[in-house]
Amino acid sequence: MSAPRASLNWRRGAKLNHATNMIESESLVADKSNHVKPTEYEIERFWRYTDVRGPNECWNWKKAKNKWGYGVCTLRSKYQRAHRVAFLIKNGNWPFPLCLHSCDNTSCVNPAHLREGTNAENSRDKVIRGRSNAGKKHHFWGKKRPEMSGDLHPFHRNPNLTLKGSKHPMAILDEDKVRDIRILRQNGESIKSLSQAFGVKECSIENIVKRKSWKHVL
Ligand SMILES: [Zn+2]
């Protein structure tokens, strides 16, 4: 029985390690013992890698960035995101739980643009500032969404491309017949008799009369 127990413990240990790694990588938990005091050299090097500008401007990180555009650096041979290190240098503690940008510029490390905040605040900021990806990437992972609906549909952008009315190869009626149908219907002709007379279905007559189809014919 000892072997399974050992393996269980091993697995539990592995899980715990994984969880700690995840937490560390996301830096969601501010572990007091984790706080480091950057040395003068580290601080000097950090600002050397930064495009320092005016106090209200964005200070962009000049070195490596991750795929979300956040500047990345190492501090005590540990991978960190640059804006978090900027917060640490300014305030002496890691931001908890998150470090938020008030300028929406992910590569900005100006401490004046950084503040502590929760995940909920971050999500709210995203929605308010149109930074949210909700709906934008649905079913189009990593691709640009084709704008194929509404006013952006190619047929709406280039109305000349569509064949309307009697120009359409499948058209049975033409513009004159449509005008006749509307006048006859106004004069009390039944939809059924019109459908038989013009050789189209009753629903087509209804749509013509209600101006759902052949809208361009006045
Ligand atoms: Zn900024």
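I take helices, of at least four residues, as DSSP runs numbered from the N terminus, and with that in hand I looked up tryptophan 214, which sits in the segment after α8 (202-209). I keep in mind throughout that this is a predicted model.

Entry on backbone angles. I noted that most residues other than glycine have a negative phi, and that most peptide bonds are trans. Against that, tryptophan 214 has a positive phi of about 50 degrees although it is not a glycine. Is tryptophan 214 buried or exposed? I recorded 23 C-beta neighbours inside 10 Å, and because 20 or more count as buried, tryptophan 214 is buried.

I then turned to arginine 76, whose phi is near 50 degrees, again a positive value in a residue other than glycine.

Entry on the cores. The largest nonpolar core has 15 residues, of which Ala82, Val85, Ala86, Phe87 and Val109 touch the most other members. Helix α3 (residues 82-91) gives the most to this core, with five residues. Apart from this core I found another, of seven residues, among them Ile181, Ile205, Ile208 and Trp214.

Which residues does valine 109 touch, not counting those up to four places away in sequence? I listed Thr50, Trp59, Trp61, Gly71, Ala82, His83 and Ala86.

Notes:
Residues are numbered from 1 along each chain as its sequence is written. This is a predicted model: local features need pLDDT of at least 70, side-chain atom pairs count only at pLDDT 80 or more; totals for chains, interfaces and linings use all residues. A nonpolar core is a set of buried Ala, Val, Leu, Ile, Met, Phe, Trp, Tyr and Cys residues joined through C-beta atoms within 7 Å. A residue is buried if 20 or more other C-beta atoms lie within 10 Å of its own, exposed if 12 or fewer, and partly exposed in between; C-beta atoms are placed from the backbone. Helices (H or I, at least four residues) and strands (E, at least two) are DSSP runs, numbered from the N terminus. Two residues are in contact if their C-beta atoms, placed from the backbone, lie within 7 Å.
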